[in-house]
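Please walk through this chain with me, from single contacts up to the overall form. Keep the structure open as you read.

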Amino acid sequence: MGYLTNYIESQTLLQRLGDLKNSKISGTQGDGFWIKSFGGKLSAFSGSSLDGFDMSYTGTQLGIDKRLDVTGGDLFVGAMAGFTRTNPNYKEGDGNGKNYIAGLYATYLLENGLYVDTVLKYNSMRNNFSVKDTGGATVRGTGKTQGISLSAELGKRFWLSDKTDGLYIEPQAQLTYGYQNGDTVNASNGLNVGLSHYESTLGRISGIVGYQIKGQNPINLYMKTGIVREMSGGASYRFNGGEKNNHSFCSSWFDNGIGANININKKHNIYAEADCSTGGKFDNAMLNLGYRYSF
């Protein structure tokens, strides 16, 4: 649950702030406040140890940033906070999770279409479970962990017609590193579960094809496709200090989506993105909805 919660919160610049270039095309200049919500479901897990498992989730994030004039473009520096609720379903039981995050970010938009986005986050997570043992008795437990993550995203927009209107393509790359500490869970039946720490190193290479409608209220429509690779993602657990059991999320999967950004009256930016990921370890379906106000 900890790994999966951090994964769904490892989002892109478009998912977090919407298309900042769309705001600039409208003539918007200034600081901003934003809020977004997301929800979805993880399913189709591989491996016998996750047989019958799936997890739905919802979350809300908000932030505020300041625009700074820098050489060759604009720099946005800001702070963010958020909350994610998860609802896992096990083969014989269910549970719930809560994750609180706080973070800082910096986004550099260059005049030549290049952008660089970095995010540093801290999280505090609490997970509960209630499952049936082999005798049919209910077993409950709670885990508490903390972690950090650092993300860097790079992309560049290439216009195929006018420089602020029409068709464009945008290759992107992102690298996210995360560390979550371990915990010891004392279940209600006396079982002691030792959970190791884990590290996650996610790499993503994607491409976007979009169409920008300039106008008085610019609209940006796009679709994306790419591949994500988990290069670590391994953890272990022990029951009552016994033999170590291992599980790894190391794999690759495809990430596809469609999205839209609409800027209204140079102040209001509304954005949405629907994503579908399919891979060897699990599938994910997610919807993001956001609003940004520039002042």
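Contact here means heavy atoms within 4.5 Å. The model is predicted, so local features need pLDDT of at least 70, side-chain atom pairs count only at pLDDT 80 or more, and totals for chains, interfaces and linings use all residues. Residues are numbered from 1 along each chain as its sequence is written, and side-chain values use heavy atoms, with hydrogens and water left out.

Start with G39. It sits in strand β1, which spans residues 32-43. Helices (H or I, at least four residues) and strands (E, at least two) are DSSP runs, numbered from the N terminus. Which residues does G39 touch, not counting those up to four places away in sequence? They are Y57, T58, A285, M286 and L287. G39 also has a C-alpha separation of 9.4 Å from R85, a residue 46 places away along the chain.

Now go to L14, in helix α2 (residues 13-17). Is L14 buried or exposed? Its relative accessibility is 12%, so L14 counts as buried. The cut-offs are these: buried is under 20% relative accessible area, exposed is over 50%, and partly exposed lies in between, with a 1.4 Å probe and protein chains only. Setting aside residues up to four places away in sequence, L14 touches D19, Q172, I208, Y222, N261, Y271 and E273. A272 is 258 residues from L14 along the chain, yet their C-alpha atoms are separated by 8.9 Å.

T225 gives another view. This residue is found in strand β12, residues 219-230. Its relative accessible area is 43%, so T225 is partly exposed. Leaving aside neighbours within four places in sequence, T225 is in contact with S206, G207, D255 and N256.

Next come the charged pairs. A salt bridge is a side-chain nitrogen of Lys or Arg within 4 Å of a carboxyl oxygen of Asp or Glu. How many salt bridges does this rule give? The count comes to 12.

Look at R67 among them. It forms a salt bridge with D69, where the closest N and O atoms are 2.6 Å apart. R67 also forms one with D74, at 3.1 Å between the closest N and O atoms. R67 has a relative accessible area of 19%, so R67 is buried. D74 has 6% relative accessibility and therefore counts as buried. D69 has a relative accessible area of 63%, so D69 is exposed.

Move on to E170 and R157. Their side chains meet in a salt bridge, 2.9 Å from N to O. E170 lies in strand β8 (residues 166-180), and R157 lies in the loop between β6 (138-156) and β7 (158-159), so the pair ties together parts that are 13 residues apart in sequence. Both E170 and R157 are buried.

Most residues other than glycine have a negative phi. N240 has a positive phi, near 55°. It is placed in the loop between β13 (234-239) and β14 (245-248). N265 also has a positive phi, about 55°, although it is not a glycine. Its loop runs between β15 (251-264) and β16 (268-279). At 52% relative accessibility, N265 counts as exposed.

Finally, step back to the whole chain. It has three helices and 17 strands. The C-alpha atoms fill a box of roughly 70 × 30 × 25 Å, taken along the principal axes. Buried residues make up 43% of the 295 residues. Among contacts with a separation of 6 or more, 64% join residues 24 or more positions apart.
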